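Me: I have a chain open and would like to talk it through with you. Could you take my questions as they come?

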Amino acid sequence: MTETTFSQSLRRGLGSAILELQKNQERARYRELVLRCCLRDISYDWQCEGTKGDYLYYAVWAIREPEYFLEPVIQKFHSRCNDKLFFQLARILYLYAGDGYAVARETLYTKYDYFAQKGEKLLQNFHVDEGMQWDELACTLWCFEGFAAFKRYANAVGEMCIKKPHRRTAYDLWYRHRAEDKFGKERIEKFYSSACGKSLAIAALVDSIEAEDSYYERERTEKIQPTVDMLLQAAKEAATDENPRLKMHSFLMECKYTIMNRASEQERIELAQAVLREEDKTVKALLLLQFWPNVFPIDIMPLLAYAQSEHELLAGAAMDTLREHKDKRLHELAMQLLENKGLESGALSLLYRNYRKSDDAVILRAMEKTKTISHDVQMDLRDIYTHHRSTAALPILLRAYQKGDCSFCRCGIVQAMQHCGVLTDDMLEECLYDSYDDTRKFARRVKRRRERAASGAE
């Protein structure tokens with residue numbers, strides 16, 4: 001590999017980078033590239049991918065100089081990091097600690113104590129949520145101390161609740177679910193019950209949790225049923241905002257559901273007619289986005305024209321609405337858009353239910369015209385080739401595998417390769433070292449099946 005190819009593979013979390021480190025006798029030349037990735041967030045979407053900490057730790061050990069990386073990782077971890085980088089560094093240090101590096105374990109405890117001392121003054125903004133980072137460290141310490149770490153954290157958060165009672169939060173819901181999975185809901189509730197009468201901190205924590213649960217229950221039950229007129233008014237107001245789609249989404253979140261959840265067929269028809277009548281393209285798009293795929297209740301012909309609009313939001317809304325319709329007109333439109341506008345037209349989404357094997361050549365030509373594969377393209381290719389089979393899909397899926405940045409979607413690409421019968425043994429070997437857990441698990445299952453089949457054939 002060239003250093004550029006290696007860097008791209010490592011950043012994307014491809015197993016080929018790990019294999020290169022294992023097999024190349026000159027692996028030390030990649031040392032700075034690996035360190036650079038350790039000290040910066042290399043996730044695409046950590047909420048679906050998870051941290052790449054394990055993957056990077058494999059890379060560290062493949063270079064066979066773990067001490068070289070440890071001190072820079074510790075220094076970076078002690079600085080103020082954005083959440084995604086923090087999770088990555090915490091995972092790397094946890095793995096170092098598990099391999100007997102006492103200084104890594106001490107570093108985790110030092111950072112935990114730092115957050116505990118800040119208490120109600122923990123920083124919280126879009127990029128840095130120290131409360132969530134503290135949650136993550138608390139979960140990490142379970143692995144060292146078990147339930148004792150949970151009890152210590154509960155007391156610390158309870159003290160924070162006493163000092164700042166107006167703060168409507170205790171644990172993040174994510175932390176609470178993880179704790180229940182780890183220790184069992186019954187054990188946690190038993191601890192709360194027995195400790196409430198003895199500890200003001202635990203009592204404050206329990207009050208905070210109950211208040212938070214009551215808040216979410218009220219939000220769940222106090223539902224507003226949006227009418228067509230309400231949606232139209234909200235769309236007109238949102239259209240003047242800098243981010244109309246997000247503004248409209250915020251309105252629908254307040255309603256707790258869109259008109260599709262409980263609307264009658266007549267109400268859906270009225271909304272569809274309102275879409276067609278509306279002259280403002282942004283308002284039209286925002287209304288159209290309220291339809292789930294495959295539920296537009298009148299003829300889709302106008303939507304075919306919208307999908308070809310130069311108005312980006314309107315074209316995207318039309319694509320979203322049409323993606324699960326099966327109609328030969330959509331196949332013709334997809335081919336036309338792919339030829340004229342390429343992958344960024346969103347045309348691949350129309351092939352989910354309208355794919356033909358002859359489309360492979362058109363898709364490949366469109367892919368060859370772009371240097372990067374977007375998240376949407378990854379998802380569309382995953383959906384197409386896990387629902388349809390084509391042995392000619394290999395160059396398409398291989399390009400998506402190598403050039404796509406999302407490791408979560410890459411798992412779907414690998415599954416599509418297997419579905420189409422084009423997942424080679426070499427590719428399978430790479431997948432055993434992929435950054436995404438489910439890809440590695442899938443590769444192990446496929447490899448075991450192939451080995452059993454091979455031994456049976458003998």
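**Charges, burial and helices**

Reply: I would start with Lys441, which counts as partly exposed because its relative accessibility is 41%; here buried means under 20% relative accessible area, exposed over 50% and partly exposed in between, with a 1.4 Å probe and protein chains only. Please keep in mind that this is a predicted model, where local features need pLDDT of at least 70, side-chain atom pairs count only at pLDDT 80 or more, and totals for chains, interfaces and linings use all residues. Residues are numbered from 1 along each chain as its sequence is written, and side-chain values use heavy atoms, with hydrogens and water left out.

Me: Where is Lys441, and which residues gather with Lys441 in a patch?

Reply: Lys441 sits in helix α26, residues 437-457, where helices are DSSP runs of H or I with at least four residues, numbered from the N terminus. Lys441 gathers with Arg444, Arg445, Arg448, Arg449 and Arg452 in a surface patch of positive charge. Such a patch is made of residues with over 30% relative accessible area and no salt bridge, like charges being joined within 9 Å, and a salt bridge is a side-chain nitrogen of Lys or Arg within 4 Å of a carboxyl oxygen of Asp or Glu.

Me: What does Arg450 pair with?

Reply: Arg450 forms a salt bridge with Asp425, with 2.7 Å between the closest N and O atoms. Arg450 belongs to helix α26 and Asp425 to helix α25 (residues 425-431), so the pair ties together parts that are 25 residues apart in sequence. Asp425 is exposed because its relative accessible area is 56%, while Arg450, at 26%, is partly exposed.

Me: And how many salt bridges are there in the whole structure?

Reply: The search finds 24 salt bridges. One of them joins the side chains of Asp405 and Arg11, at 3.5 Å from N to O. That pair links distant parts of the chain, 394 residues apart, with Asp405 in the loop between α23 (394-403) and α24 (407-420) and Arg11 in helix α1 (residues 3-12).

Me: Switching to Asp380, is that residue buried or exposed?

Reply: Asp380, in helix α22 (residues 375-387), is buried yet has no salt bridge, and Arg323, the nearest side chain of opposite charge, is 4.1 Å away. Leaving out residues up to four places away in sequence, Asp380 touches Arg323, Leu348 and Ser349, a contact being heavy atoms within 4.5 Å.

Me: Why is helix α19 described as largely enclosed?

Reply: Eight of the eleven residues of helix α19 (residues 312-322) are buried, so the rest of the structure largely encloses this helix. Among those buried residues are Leu313, Leu314, Met319 and Leu322.

Me: Last one, what about the chain overall, how many helices and strands?

Reply: The chain has 26 helices and zero strands, a strand being a DSSP run of E with at least two residues. Buried residues make up 49% of its 458 residues, and the C-alpha atoms fill a box of roughly 65 × 60 × 45 Å along the principal axes.

Conventions:
Lys, Arg positive; Asp, Glu negative; His and termini not counted. Patch = residues over 30% accessible without salt bridge, like charges linked within 9 Å, V, L, I, M, F, W, Y side chains within 5 Å. Areas by Shrake-Rupley, 256 points an atom, 1.4 Å probe, with all protein chains shown as cover. Charge placed at Lys NZ, Arg CZ, Asp CG, Glu CD.
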